[in-house]
Amino acid sequence: MTTAAQAASPAAVPVTAPTTAMVLAAGLGTRMRPLTETMPKALIPVAGRPLIDRVLDKLVEAGIKRAVVNVHHFADQMEAHLLRRSDLEVLISDERDALLDSGGGIQRAREKLGSEPILLANIDSLWLEQGEPALEKLKSCWDPERMDLVLMLVKRGNGIGFEGPQGFFMDEAGRLTHSTAPDVVTPYANVGFGIMKPQVLDGQPTSGPFKIQPVWHRLQAEGRLFGCVMDAFWMHVGDPGARDAAEARLS
């Protein structure tokens, strides 16, 4: 019998890891006010380094060569800041005209992302490495023969910033079931990173906002949605208090 831990081990056949990432950074950051009244959430410093740079640093360490970053709130600040990066190619997906939500934001960036699997990243997700580096473990979990999307998860109790009981159950093969039930506490939370085939958005609206969660549910029904549990201690930086808590741990 295959265990969930075994499901997270490297695939038997070597798989080329993604070299392109989609970085979701366009949100208004309303829960981070008043900090986001003068800057985008992605530029808020945590222990002396902006969130966006902490995430891009992790991506570079994981072998990412090109990052597509969507921008909306204080977009000019974001573009000026990202021009300073010279360790990877950064492309801007402009959402100044309207926020497109998670699914719509990735869909708008499809031309820049290409057709190969991509690494997904959210800018409000930080972690302290423990055991196998989180993104290396995620890459080792990725098996495009079985999966269309693998999400990086954290066990409850191994992080700060969890919001409510919603999250995921995982079977012995690593397949996920998403739960939004308000009275059921799930064992795993979504970290906001993953590896995805862009083609899973085929058939979705080509313009306008839409959420990614219905795509999860379709892949779940098809048995193509998987999880990979990080060893690291996770920190969701969603509000000023969470920023302060993350700073204390990083310092």
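Trainee: What should I know before I start?
Mentor: The model is predicted, so local features need pLDDT of at least 70 and side-chain atom pairs count only at pLDDT 80 or more, while totals for chains, interfaces and linings use all residues. Residues are numbered from 1 along each chain as its sequence is written, and side-chain values use heavy atoms, with hydrogens and water left out.

Trainee: How many disulfides does the structure hold?
Mentor: It holds one disulfide, meaning a pair of cysteine sulfur atoms within 2.5 Å. Cys141 and Cys228 form it, with their sulfur atoms 2.2 Å apart.

Trainee: Where do Cys141 and Cys228 sit?
Mentor: Cys141 is in helix α6 (residues 134–141) and Cys228 in strand β13 (residues 225–229), 87 residues apart, so the pair links distant parts of the chain. Helices (H or I, at least four residues) and strands (E, at least two) are DSSP runs, numbered from the N terminus.

Trainee: Is Cys141 buried or exposed?
Mentor: Cys141 is buried, with a relative accessible area of 2%, and Cys228 is buried at 1%. Buried means under 20% relative accessible area, exposed over 50%, and partly exposed in between (1.4 Å probe, protein chains only).

Trainee: New topic. Where does Lys41 lie?
Mentor: Lys41 lies in the loop between β1 (20–24) and β2 (45–46). Lys41 counts as buried because its relative accessible area is 13%.

Trainee: Which side chain does the side chain of Lys41 join in a polar contact?
Mentor: That of Asp124, at 3.1 Å. A polar contact is a pair of N or O atoms within 3.5 Å; within protein, one must be able to donate a hydrogen and the other to accept it, and residues adjacent in sequence count only if both atoms are side-chain atoms.

Trainee: And the largest pocket, which residues are closest to its centre?
Mentor: About 1400 Å³ of space lies in the largest pocket. Of the 46 residues that line it, the closest to its centre are Ser102, Asn122, Asp124, Gln213 and His236. A pocket is an open set of points on a 1 Å grid over the protein atoms alone where a 1.4 Å probe fits, with protein on both sides within 12 Å along at least five of seven lines; lining residues have an atom within 4 Å of a point. The volume is the space filled by probe spheres set on the points, which are joined across faces, edges and corners.

Trainee: Which element gives the most to the lining of the largest pocket?
Mentor: β12 does, with six residues.
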